[in-house]
Amino acid sequence: MGNDLADVLVVGAGPTGLVLACDLARRGAAVRIVDRSPAPPRTSRAKGPNARSLEILDDLGVADEVLAAGSDPLPMLKYRDRLPVAETDPWADSAPSPDAPYDRGRLIAQWRLEEILRDRLAGYGVRVELGREVVGLTEAADGRHVDVTFAEDRTERVRYVVGCDGAHSSVRKLLGIGFEGTTAEDQVMVCGDVDLAEGALDRTRWHQWFDEDGAVMLCPIPGTRTGWWFQAGPERDGRGHPLAPTADGFRRLLARHTALPGRALTRAELLSTYRVNVRMADRFRAGRVFLAGDAAHVHAVAGGLGMNTGIQDAFNLGWKLGLVLAGHAGAELLDTYEEERLPVATRTLDLTSERLRATLEAIRRPGGGLDAAITLDTTGLGVGYRWSSLARAHDEAPRPDETPRPNETPRPGDGLPGSPQPGDRAPDAPCVDAATGARTRLHRVFAGPRTTVLGFGPGSAAVLREVAAAYGDTGVRTCRVYAPYEGGARSGPGTAVVDDEGHAAAAYGTGTSDDRDTETDTDTDTDTDTGTRTGTDTATGTVIVVRPDHHLGLSAPADDAGSVHAYLRRLHGAGRPRNGSPALVDAARKG
């Protein structure tokens, strides 16, 4: 039995596990991460983070490196009978906006993304323990720890375990959790990383050959000179059964469907066969053990949401584990992981199956291609948790009995027009640092492992002072958002920014600078639905609590300090530091 009691053991060192380990490590948690592979897995199937995952990677401090190592999504050149018939750029009409500076994902090999995340994790003194396979899990009778047995017949004790070990998860199987769903045996694809002769194809395009008797897709791998992602319908034997992928088989497929000779393919590795599986775990938690990523849900590749949904699982769970381990929140906070993420997984299974059907229909016609899988839903920016017990109007108490079952939940990502509601993703907005005059944005203010309390309007100043006094540096930051017409010293506790172009007020529905000509105006508006004074009312203002995962927890008028304090108590206790609590080790980044 090992002597050191780790806070969290992460099983599986893919993107999901690495994001979770990074988030926990920067919170000062004693985290370990193991993988049964003897060397870092070199997996390349996932083609990169979507827009929402880029925001998460930005928060973790690695987005710039990911952007530099990858490329923008490419226009798609479609062929029929070896001839080009259409070209489509799914992102041609998309552009960054003030509330979402990442309007599209990034192409990057999964193994390269994992390298970047491993380097980030090593900066916290944590390294992946390779060649370690979990073969047993036993939760202690007192419910305070889990005994983990490894294949080398060694048992070690940890407080929590998170299985991020893929669709064939050992953790899930050891827990006896069901993984119900379907496998479409007739929907098969062979995949691999290949090298093509230099100059064989234009590397500024994603080439897609769709014929009546098969298909080949070739997308250039960023950061390589001759590397390509290869996907194709498989070769089949005389009985119609798919053959296993081989380099020679890839050459035959290339010659059959494209104008390239088979010899143009000079190398093939990471060969695999993909079948469409649509499955989800019965539950995402068993006591002190959790499931995340493919261990909890698998679905069609259409829309590229597999890795991304796992990254977003990790970002939802990390801050909750961190607050419970620090002694600020009660263990019941961990119940909200399944409450929030299981309905999202349900919706993702439906969405990807729907996009797969649309894609299969599109490619029957000349000019159809993988662009049929891409919609605004696949950016991840619309995913929220309005049904969650952590998302409440200022005058409501949590009612856990109202949590919907997965098949009854509102559809994450559908959203409603107007201002963001509790549970929604917190919008970004460009602004100016009030202290330095430097350009910044709200997501930079949110960055790092803390809850943020935003104050709009002069009336919010008193609440921000109370929050700063109560919580200090125990995981809560305050930020006063000044309208440009507000004069004065622009000082107080915490951070202060100037909403010089009105984007923050517009994004959060608190009014815009155009509502006021001078700071002495006293006109007020009333929201007829809530009776709350909004927009031009400088006597009250608005206070918004933003969770560490950039989702709104609470929006309240500034004269309702009680709701703000009640919400913060649920996440951070009464605000008094506790001896022995892990310290936050990652300060908010400015910029």
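Biologist: How many helices and strands does the chain have, and at what angle do helix α10 and helix α12 pack?

Modeller: This is a predicted model. The chain has twelve helices and 25 strands. Of its 591 residues, 56% are buried. Among contacts with a sequence separation of 6 or more, 70% join residues 24 or more positions apart.

Now the pair itself. Two packed helices are described by the angle between their axes and by the distance between the axes. Helix α10 covers residues 461–471 and helix α12 covers residues 561–572. Their axes are 11 Å apart, and the packing angle is about 25 degrees. Angles under 35 degrees count as roughly parallel, and α10 and α12 are therefore roughly parallel to each other. The crossing of α10 past α12 is right-handed. On the α10 side, the contact is made by V463, E466, V467 and Y471. These meet A561, V564, H565, L568, R569 and H572 of α12. By class, the residues of this contact are six nonpolar, two polar and two charged.

D313 lies in helix α7, residues 306–325. Its relative accessible area is 0%, and since buried means under 20%, D313 is buried. The D313 side chain makes a polar contact with the side chain of H297, at 2.6 Å. Leaving out residues up to four places away in sequence, D313 touches A292, G293, H297, Y337 and R341.

Methods:
Residues are numbered from 1 along each chain as its sequence is written. This is a predicted model: local features need pLDDT of at least 70, side-chain atom pairs count only at pLDDT 80 or more; totals for chains, interfaces and linings use all residues. Side-chain values use heavy atoms; hydrogens and water are left out. Axes are lines fitted to C-alpha atoms, for helices over the stretch in contact, and angles run from 0 to 180 degrees between N-to-C directions. Helices (H or I, at least four residues) and strands (E, at least two) are DSSP runs, numbered from the N terminus. Angles under 35 degrees count as roughly parallel, over 145 as roughly antiparallel, 65 to 115 as roughly perpendicular and the rest as oblique. A crossing is left-handed if the near helix is turned anticlockwise from the far one by less than a right angle, and right-handed if clockwise. Contact means heavy atoms within 4.5 Å. Ala, Val, Leu, Ile, Met, Phe, Trp, Tyr, Cys and Pro count as nonpolar, Asp, Glu, Lys and Arg as charged, and the others, Gly among them, as polar. Buried means under 20% relative accessible area, exposed over 50%, partly exposed in between (1.4 Å probe, protein chains only). A polar contact is a pair of N or O atoms within 3.5 Å; within protein, one must be able to donate a hydrogen and the other to accept it, and residues adjacent in sequence count only if both atoms are side-chain atoms.
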